[in-house]
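Thanks for coming, everyone. Please look at the screen while I talk.

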Amino acid sequence: MKALTMKKKKMALAANVALIASIAFGGSPVQAQGGATQAQSSKGAVIKGKAPVNKNVLKVKLPKAKEAKLPNGLSVILLENPKVPTFTAQMVILSGGLTDKPDFRGLASFTASLIREGTTKRSSKDIAEQIDSMGATLTSGSGLSNTTSTVTASGLVENLDQTFDIMADVIRNPNFPAAEVEKFKTRALAQLQVQRSSPQFLAQEQFSRAIYGDHPGALVAPPAESIKKLTSKDLADFHSANYRPNNAILAIVGDVTLKELMPKIEKAFGDWQKADVPETTIPAAPAQAGSRILLIDRPGSVQTVLQLGTLGIERTSPDYFSLLLADKILGGGPAARLFLNLREDKGYTYGAYSNFGGTKFRGTWVSSSEVRTDVTEGAMKEFMFELKRLRDETVSAEELESAKRAIIGSFALSLEQPQSLLQNVVTQKLYDLPADYWDTYPQKVAAVTSNDIKSIAQRYIDLDHLQVVAVGDASKARDVLTKYGKVEVYDADGKPIPPGDIKNK
Amino acid sequence: MRRVSKLFAPLFIFALTILSTQAQTARKVNVDYKETTLKNGLRVITVEDHSAPVIAISVNYNVGSRDERKGRTGFAHLFEHMMFQGSENIGKSEQMVLVLNNGGTMNGTTNEDRTVYFEALPSNQLDLLLFLEADRMRSLAITKENLDNQRNAVQEERRRGLDNQPYGKSGEIQQELIYDNFAYKHSVIGSMEDLNAASVEDVAEFFKTYYAPNNAVLALVGDFDTKEALAKIAKSFESIPRQPDPPKVDMTEPDQTKERRATVDDMLARAPRVDLAYKAVAGNTPDFYALQVLSATLQGGQSSRLYQKLVKEKEVATNIGGFMDEKRGLGALYVSATLRPGATTDDVENVIYEEIERLKKEPIADWELQKAKNNTRRGIINGLQSSLSRAITLSQYAVYYNDPGLLNTRLDKVSAVTKEDVQRVANKYLRDTNRTVVITMPKAKARPTASASGQ
């Protein structure tokens, strides 16, 4: 391996660049206020500041969703999109993996997968042929720690009626044929094995366990025991209890008006029977034990997959916008610190990122990368440097304004991504966010200060509870990680490996 | 092959799955584009569209890994990375920083047949967009330090995508086996050894030869005034000097006369996998479209013959997949199946061959033909939603086939395919002697947990 040139950073080439514009929203293109500050180079990037950047941030008006409700309680949301003659319809069932009983984790996910494997009117093969021959798609699923299950159908608007007919059939009339259930179990058990060959899967599995312990958030794949004991009756029971119109939102985006749409929805879902749905209790994320370092030995690895992180926030947390910006600055893309440092400056990796997420229980805030084995040490050093830097140093006004521009500016592009706009509306409903949540989103982004970032970093980059997961060649990575604390080593099947069994190379 | 190499892996891909069709009253696809060529040979395509305040640019260079010489595999893609390392007026990584921090999106990607750079930004950033692309076409800054840095990044890209993944090397081995002509006989990502050999002189020469305005197509789509934008494009790009045309690559591929076969021992895999390829035909030819229909019938979606047979009925595979590869030179029809525990590769191969024989002997069903055509229409419509995907497609069809209008006529070409065509191409191309088979077998772990030994 070649020696990496760790030069002192080029100093900022100052220039009056419009990377930086104060962001205000409301009104048409907003004029930048205050003097443009100096452009700033950082690790891995040299900002010459000669490119002609328009300092204004375009004001964007988001399309308004229309809403309706059927007498049986089904909520309908429509985002009209006349640009292309297509539609996407998503039935969001307000029960998911979190509804599973502790001794039957995975049942919500199995139910969602199996609804398209046969109904009282159609066989699995009929469904596949009818959907595929229209060039449509029909997908369904639920995550093991999700609050919802979703069934999504897409197609051309001229096929709306036929597609709704099949969609309603799988949502309302699945009969979980025993033969299909058995075939599903065989495939799912094989899949459990195959996914263990992915280093990213292994890292995610151990990281989630380290953060969540016995909480359902720990699960990234269903337990084999759940698959083995699964029967048609279990599926039918879960379906009957949870797939109810009063426990669902039908969200649609497409080239159709509400007036055209409602009779079709009435026809497909009007006589769907409502029923009392058992309440799901969502356990709080557990108190965090001390920092751990988990090394998964994957013989044959030529890279170490690293994940470092902590417990984050719920989706409705008041800290959301501060964390959004903190994450953007730390690792929210190729213009962020982790990428510019670990890749553009050091050449350790193809990419380094951070991300955070949270639902009705606290999510995680994770930094991750894949680095060649012999720079594992250097990568750990830079990760720790960047995590501490966000805690200890105040983010400059320029860097903060750039992050704000990145987020607010991207609203213009989102207008060409109608499905992500629809997801925004669904998010607002699921979390009971204010009706003007997305319209005022830019103002909330703009209101975050450098001090907010620092205090958020100090709170959530909690180094005493930092969980570190590494997947790679343990014989080479163990000593490196030992510098950061006691290292627990596991094999790729999740079994602990006694310390004496790993010989250093 | 299947793998393309990019500047970086996008963090989130917006789930744009606007799809589908059965087109009784289907709207005809028509993207109204304008085309002009600057004095220096730069071809310019524009589409004015005020439906969203977005502008997107795609600059597509007529160079790919097929243009690489022996000893420099992976170079076209490594070079792509260098296009983000600065030019006369743009610093290292500044292009990424400026686009992303103004709410935009960007990337670059290389395959065998072309290298494309693209950005989308809010529509008030037209000057920025043009400046960024023109500056690097005019004056790429090339330093040893930046080359070494990106060589490292690309080698990690290779490790992440191939060397550290199960089945990662199988595709590369298959590609080397399928082709005889060097142009396609190596991976886009290239070998570690060749990446190490690349020099700044190579970068400078490649830039001069292939990154000339007369070897590129620029497509601009979105919310702008065409007249004003064309004036700005001319001002930004027209003074970049034309270069002699790059050397033409010999793409002739000798006929294959017998089956080719390899077995790969894979320490990272947990289940055996079968990868088949039938060397076939270039893209945008009648036979190519017929093979696309054939592929949809054989292996497209859960209704496909192989999914129903291998996964559902006989339960010998946990997953199947494949496609007809679109290339400027000879593409191949690929078929893959991951085995279920207990099944043998012979079981799986035999079922696939039986299904291929059926395609030769019997016409496909009406609904299967409809499925393929509807899938095509769905794909095309899908690509119309965003300015960026239109820009990329228009520039790509111009570079590949000298026909940006293929965006509007492609559906007609697929619609022209008949059941007889499908049977004909099955017999013509899906011959045993035209096949390349790679079997991946999980290799027992060299280091069992009980005795970890150094080696």
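I will go through the chain contacts, then a sheet, a helix and a few single residues.

One caution to begin with. This is a predicted model. Keep that in mind throughout.

Let's start where the chains meet. On chain A, 86 residues are in contact with 92 residues of chain B. Which element of chain A gives the largest share of that side? Helix 12 of chain A, residues 397-414, with eight residues. Now the classes. The side of chain A that touches chain B has 34 nonpolar residues, 31 polar ones and 21 charged ones.

Next, a sheet in chain B. Five strands make an open sheet, in the order 8-12-9-11-10, and the pairing is mixed. Which strands sit at the edges? Strand 8, at 260-266, and strand 10, at 317-324, both of chain B. Each of these edge strands pairs on one side only. From one strand to the next, the twist averages 10°.

A quick reminder on pairing. Strands of a sheet pair through backbone hydrogen bonds, and the pairing is either parallel or antiparallel.

Take strand 10 and strand 11 of chain B; strand 11 covers residues 332-339. Their pairing is antiparallel, over seven bridges. Within it, B:Gly321 stands opposite B:Ser336 of strand 11. A helix packs on this sheet too: helix 10 of chain B, residues 305-313. Helix 10 touches strand 10 and strand 11 of chain B. Its direction makes about 160° with that of strand 10 of chain B.

Now helix 8 of chain B, residues 226-237. Here is a simple check. The helix has 12 residues, and at 1.5 Å a residue they should span 16 Å. Its end C-alpha atoms are 16 Å apart, so the two agree.

Which residues of helix 8 of chain B are buried? B:Ile233, B:Ser236 and B:Phe237. Look down the axis of helix 8 of chain B: these buried residues fall within an arc of 75°, so they line one face. Why can residues at separate places share a face? An α-helix has 3.6 residues a turn, so residues three or four places apart point the same way. The buried residues of helix 8 pack against strand 3 (43-48), helix 3 (126-139) and strand 7 (216-222) of chain B. Turned away from that buried side are the exposed residues B:Lys227, B:Glu228, B:Ala231 and B:Lys235.

Two single residues now. A:Met167 is in helix 3 of chain A, residues 160-172. Buried or exposed? A:Met167 counts as buried, because it has 26 C-beta neighbours inside 10 Å, and the cut-off for buried is 20 or more. Leaving out residues up to four places away in sequence, A:Met167 touches A:Ala89, A:Leu138, A:Val151 and A:Ala153. A:Thr139 is 28 residues from A:Met167 along the chain, and their C-alpha atoms are separated by 9.7 Å.

Then B:Leu177, in helix 5 of chain B, residues 168-178. B:Leu177 has 16 other C-beta atoms within 10 Å, so it is partly exposed. With residues up to four places away set aside, B:Leu177 touches B:Arg260, B:Ala262, B:Thr436 and B:Val438.

Last stop: strand 12 of chain A, residues 487-491. Four of its five residues are buried, so this strand is mostly covered. Strand 7 of chain A, residues 292-297, pairs with strand 12 of chain A in the parallel sense, over five bridges. There, A:Ile296 stands opposite A:Tyr490 of strand 12.

That's my tour. Thank you.

Conventions
Residues are numbered from 1 along each chain as its sequence is written. Chains are lettered from A and ligands numbered from 1 in the order in which they are written. This is a predicted model: local features need pLDDT of at least 70, side-chain atom pairs count only at pLDDT 80 or more; totals for chains, interfaces and linings use all residues. Two residues are in contact if their C-beta atoms, placed from the backbone, lie within 7 Å. Helices (H or I, at least four residues) and strands (E, at least two) are DSSP runs, numbered from the N terminus. Ala, Val, Leu, Ile, Met, Phe, Trp, Tyr, Cys and Pro count as nonpolar, Asp, Glu, Lys and Arg as charged, and the others, Gly among them, as polar. Two strands pair if DSSP finds at least two bridges between them. Axes are lines fitted to C-alpha atoms, for helices over the stretch in contact, and angles run from 0 to 180 degrees between N-to-C directions. The expected span of a helix is 1.5 Å times one less than its number of residues. A residue is buried if 20 or more other C-beta atoms lie within 10 Å of its own, exposed if 12 or fewer, and partly exposed in between; C-beta atoms are placed from the backbone. The arc is that of the directions from the helix axis to the C-beta atoms.
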